[in-house]
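Work through the exercises below with the model open. Try each task before reading its solution.

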Amino acid sequence: CGRGDNTAMSLLQSLKSVDFYRKLKKDLQQELTEASLPGAALSVVAAIVMLGLIFAEFNSYLTVGTESKVIMDHFDSSTDDTLQVNFNVTFPHLKCDYASVDATNFMGTHDAGLSARVSKIRLDKEGRQINKFEERTKPLNHATEEKHDGPATSLVLTSDSFEAAHHKHDVMIVNFYAPWCHWCQKLEPVWEKSTKQLSEKFPGDERLQMGKVDCTAKTSESLCIKNRIDAFPTILVFRKDDTGNSLHESYHGERSVPAITAWSENFLAQVKNQVPKTRVVDSDKDGVADSHHGVGCMVSGLLHVQRAPGMLVMQAVSDGHEFNWETMDVSHTVNHLSFGPFLSERAWTVLPPHIAAAVGSLDDHQFSSDQHIPTTHEHYVKVVRHEVTPTSGKKDPIVSYGYVSHSNNIQKVGEVPTLRLNYDILPIIVQYSAKKQAFYHFITNLCAIIGGVFTVAGIVASVVDKGLATLKKKQELGKLG
């Protein structure tokens with residue numbers, strides 16, 4: 001047993017020989033070490049610097065950064081060959097009856113089923129929603145071979161005579177036309193014959209008056225501009241009690257004598273209080289308004305496009321009107337434009353702010369046209385796919401599509417005023433992931449801070465001590481002057 005104890009003691013003594021941190025004996029510490037005021041000041045400074053660096057390193061450890069990389073977008077399946085486009089655009093001066101949306105790409109492919117996925121809502125002159133625009137289930141049968149014998153019976157109006165006639169009659173229905181317009185020429189005998197039938201049915205009744213305005217005549221040009229007549233023919237309803245902000249409903253029903261007379265009689269019935277007063281009239285009871293006071297349109301929808309450069313085209317189209325392109329106004333507000341599926345609330349919270357802002361770069365942007373100058377608005381959009389991995393890293397990445405845009409106006413005589421949205425889907429993916437400092441890296445930096453500050457402070461202390469000793473020696477030798 002004694003021999004075993006000796007062996008253990010020998011091993012412990014051998015282990016002490018590798019001690020890197022040997023200490024002075026307690027009875028020698030006072031003799032071999034000496035405290036000084038400069039050393040104390042340096043120790044305080046070193047402690048403050050050390051604490052500051054430790055706090056900064058700890059804050060860096062808690063901060064979650066991001067790292068990004070760009071890779072090529074290789075389509076994994078045929079379903080990845082298309083991309084959803086979501087849009088919502090407001091036109092304050094383009095009626096839903098004329099607003100048309102078309103989609104095409106640079107390979108010549110058109111989206112034939114787009115109209116079924118587009119919704120249009122009528123807006124009044126203040127931008128308020130009136131009702132949803134419903135496409136007619138059957139085309140209108142305009143009378144094209146009608147003839148009228150005898151003199152014109154409708155009232156010819158000019159800028160000078162309009163206001164007096166307007167406030168003389170309870171209701172005045174006016175046909176704004178242009179002699180060169182094909183559809184106006186077809187409407188002319190229908191309009192005169194309808195006027196004649198109404199005057200014969202209600203002889204001497206001046207509460208309803210049918211009139212017409214030639215928008216190409218110098219005497220009435222300003223009147224057409226004031227009422228924003230950009231489609232021919234345009235039939236508007238004016239009432240005696242109208243004010244400057246009153247809404248004037250327009251007729252979009254069938255252009256035949258029975259249809260126009262039945263529709264006009266409805267207003268006379270309103271004057272006689274036989275039916276409720278309204279500015280939206282469906283005289284043929286087919287569920288589609290024959291007249292309404294909508295002057296603007298909000299167009300929205302979604303479609304799936306091929307991942308090839310293409311465009312959305314919005315402009316005025318009608319198979320029963322001619323347009324005055326010089327006064328056609330396609331000023332608009334892009335309420336929303338995005339690509340890809342709609343994002344969930346969780347996705348919006350995960351996306352970094354600059355990525356979330358890029359999802360709808362054009363949202364709530366307004367674009368105005370100059371009056372009396374045909375203006376086409378072009379928007380050029382570059383679309384990039386983003387994949388953001390949540391901080392936990394255990395869930396699928398959030399996929400979004402951001403874009404940058406550039407807008408330009410084209411003003412050219414003879415140009416058809418149009419909104420063109422050109423898009424280009426880039427074949428790249430920008431991947432974002434969270435980057436957090438590893439714990440071992442934090443401990444390593446912490447040790448480096450403590451050791452580094454301690455070492456540098458020791459060097460500075462040594463230099464200061466030697467400097468003070470040198471000065472003291474020179475002073476003793478009388479060399480300091």
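This is a predicted model.

**Exercise 1.** Find the residues from elsewhere in the sequence that are in contact with His 293.

*Solution.*
- Set aside the neighbours within four places in sequence.
- The contacts of His 293 are then Asp 124, Ile 130, Leu 247, His 248, Glu 249, Arg 279 and Val 280.
- Now place the residue: His 293 sits in the loop between β12 (291–292) and β13 (296–306).

**Exercise 2.** Decide whether His 293 is buried or exposed.

*Solution.*
- The relative accessible area of His 293 is 13%.
- Buried means under 20%.
- His 293 is therefore buried.

**Exercise 3.** Classify the ring pair of Phe 162 and Phe 238, and say which parts it ties together.

*Solution.*
- The structure holds 13 aromatic pairs.
- In the pair of Phe 162 and Phe 238, the ring centres are 5.0 Å apart and the planes stand at 80°.
- Planes over 60 degrees apart count as edge-to-face, so this pair is edge-to-face.
- Phe 162 belongs to helix α4 (residues 159–166) and Phe 238 to strand β10 (residues 234–239), so the pair ties together parts 76 residues apart in sequence.
- Phe 162 is buried, at 3% relative accessible area. Phe 238 is buried too, at 2%.

**Exercise 4.** Describe the aromatic pair of Trp 180 and Phe 232, then the accessibility of each partner.

*Solution.*
- The pair of Trp 180 and Phe 232 is edge-to-face, with 5.7 Å centre to centre and 90° between the planes.
- Trp 180 is in the loop between β7 (171–177) and α5 (182–201), and Phe 232 is in strand β9 (residues 231–232), 52 residues apart.
- Trp 180 has 47% relative accessibility, so Trp 180 counts as partly exposed.
- Phe 232 has 3%, so Phe 232 is buried.

Notes:
Residues numbered from 1 in each chain as written. Predicted model: local features only at pLDDT ≥ 70, side-chain atom pairs only at ≥ 80, totals over all residues. Heavy atoms only, no water. Helix = DSSP H or I, 4+ residues; strand = E, 2+ residues; numbered from the N terminus. Buried < 20%, exposed > 50% of the residue type's maximum accessible area, 1.4 Å probe, protein only. Contact = heavy atoms within 4.5 Å. Phe/Tyr/Trp six-rings, centres within 6.5 Å; stacked < 30°, edge-to-face > 60°.
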